[in-house]
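Reader: I've got the sequence and the model open side by side. Can you walk me through some of the packing?

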Amino acid sequence: MKTAPQGAESREPRRWEWQLRQHARGWWSADGVGWLAAAAAAFTVAVLAFNPLSARLSGDEVVYASQIANHVPLLQWAPHRARGVSLLAAPVTLLTSSATILRVYLALLAGAGLFLALLAWRGTVKTWVLALACVMFGGLWMAESLAVQLYPNYWIALGGLAGAGLCLRCLRSPAPRWPVLVLLALAAAFTSLMRPQDAMFLFAPLLAATLVVAARRPGRRRGLAALTAMLAGLAAGAGEWAAEAYLYFGGPLARVHLTSRYVGGTRFNPVNSLRIIDGGRTSTVPGYPSVSGWPHPQLLLWWLGFALLAILGIWVAATTEGWAEALLPAACALGIYALYTLPVRDNYRYLVPVWALLSIPAAQGMAWLITRWRNPTRLTVVVVAAAFIAVELGTQHSLLMQHSAATRAGSKAEVRIVNSLRKLGVRPPCVVTSVYRPHFAPISEAAGFYTGCTGLCPAARPTGGTGTGRLVVLVQGTAPPWVQGTAPPWRYARNWRAHRVGAANVYAYLQPANKPPLSITRPRSHGHLAVCFPGPPARGGNQP
């Protein structure tokens, strides 16, 4: 009588094993999520392995980190920044000031975010093609580098990528389900929270597409639903930015105008974009370092191949879904490209959302080439595609190593400056500022962050009287007597003693310890919020 129950019990584990096997097969089938998860995990491992996780935060990073933190002073805010990155880092910055812990946290979050952003495309693009797009985008040195840096651009790329995929899912569905609409609103809000201007340019083509669909009677419901979700998300994300603009910058239009002063105005220079993806750094802002040549011209051949694959992928999608849907990712990429090409930017990170969005059609183009042919031609195409990916990973890894070495060198320079300031007796309460040398001001912000001093925008002027701490003016590229073309300190500090502070051509002008602290006059009243306005460009020297 005991044999029957024992047999039933023995069959029960086998049924669970069979279900687990079926579930595992689903994950690793031709359209299983496992391939995408593996690609995102490989990206995370590469980010953790090849980036200098112990490097100190740079000048812009310390500004974002100081906004929601218990261990460091609040650094001055600027009109071109938004609070999204500070909120993203808040779980770490509220507990510790460790750069290593923050970078590991960002790396893990970046891998998970890339997986979720590409997962939003599932149902419109095959999952193994999404895994290929993950490898293409995640293999770029700029994506791996930004994943551990406290900047908004990588997260803007993920928000735009997820938003485009979710919007396409809504447009293809006769009646979009509410979870998809909620996720679309969250993607728009997340992107807008990171930087509202970027979100508007990224989502403008999606808004236009949903508006066109809503104008047609058959698609009115799904068009209006997607349009409402995106507008609600964008408004929710930009609400804090708009309120801050009215309180501290004279309104949104005035804030946008002040932002343009940080980038040196507006002019069309697409060659700069080519130099940036070539591994160089370009700038038209006086004082910033710039590259006029082509550091790695061979990389442009790979980028040409990437562009051709993206064009092919758009054509392939158009043959099955129509040109309107096929062009949407490229239109979003073009929007962000226009935003950061007409106002000349000087850094690789601003175009990262472009490459994230174009990785989808590029992967579709490569997938079409692989599946288009039969053996033995298909084997040849697979080998060529694998070689293309291998060339990307090899060349981009080399650029990542160069950037990581420069980051380590900059971190060591910051350590030497901070140690020298401490040896000179600089202790909180204190204030650190610099002159209008744009490429040097971030170093002064980082120095103030790690010495516990308040950072002061150069636009502010000490006026005498009693203040909150000893003033330190950091200057790069000059020592008394001043050489023509260099940047002497502000007039109020020219009689102070200059000290070399451990880095090449960096000098600190310290307010004499026996004098009372100086009070600070800002351009206008900003209440409790520390706000920094852009100042005039340096022209051979600084005025009082």
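Reader: Let's start with helix 8 and helix 10: which residues in helix 10 do those in helix 8 meet?

Author: This is a predicted model, so local features need pLDDT of at least 70 and side-chain atom pairs count only at pLDDT 80 or more, while totals for chains, interfaces and linings use all residues. Residues are numbered from 1 along each chain as its sequence is written, and side-chain values use heavy atoms, with hydrogens and water left out. Contact means heavy atoms within 4.5 Å. On the helix 8 side you have I156, G159, G160, G163, A164, C167 and L171, and they meet D198, L202, F203, L206, A209, T210 and V213 in helix 10.

Reader: How does helix 8 run relative to helix 10, roughly parallel or roughly antiparallel?

Author: Helices are DSSP runs of H or I with at least four residues, strands are runs of E with at least two, and both are numbered from the N terminus. Axes are lines fitted to C-alpha atoms, for helices over the stretch in contact, and angles run from 0 to 180 degrees between N-to-C directions. Here the axes lie 10 Å apart at an angle of about 5 degrees. Under 35 degrees counts as roughly parallel, over 145 as roughly antiparallel, 65 to 115 as roughly perpendicular and the rest as oblique, so helix 8 and helix 10 are roughly parallel.

Reader: And how is helix 8 oriented to helix 9?

Author: Helix 8 (residues 153-172) and helix 9 (residues 178-194) have axes that come within 8 Å and cross at roughly 155 degrees. That angle therefore makes the two helices roughly antiparallel.

Reader: Over in helix 4, is S86 buried or exposed?

Author: S86 sits in helix 4 (residues 84-93). Beyond its neighbours within four places in sequence, S86 touches Y64, Q67, I68 and W77. Buried means under 20% relative accessible area, exposed over 50% and partly exposed in between, using a 1.4 Å probe and protein chains only. At 1% relative accessibility, S86 is therefore buried.

Reader: What is the relative accessible area of T433?

Author: T433 belongs to strand 1 (residues 430-434). S444 is 11 residues away in sequence and 6.2 Å away in space, C-alpha to C-alpha. T433 counts as buried because its relative accessible area is 2%.
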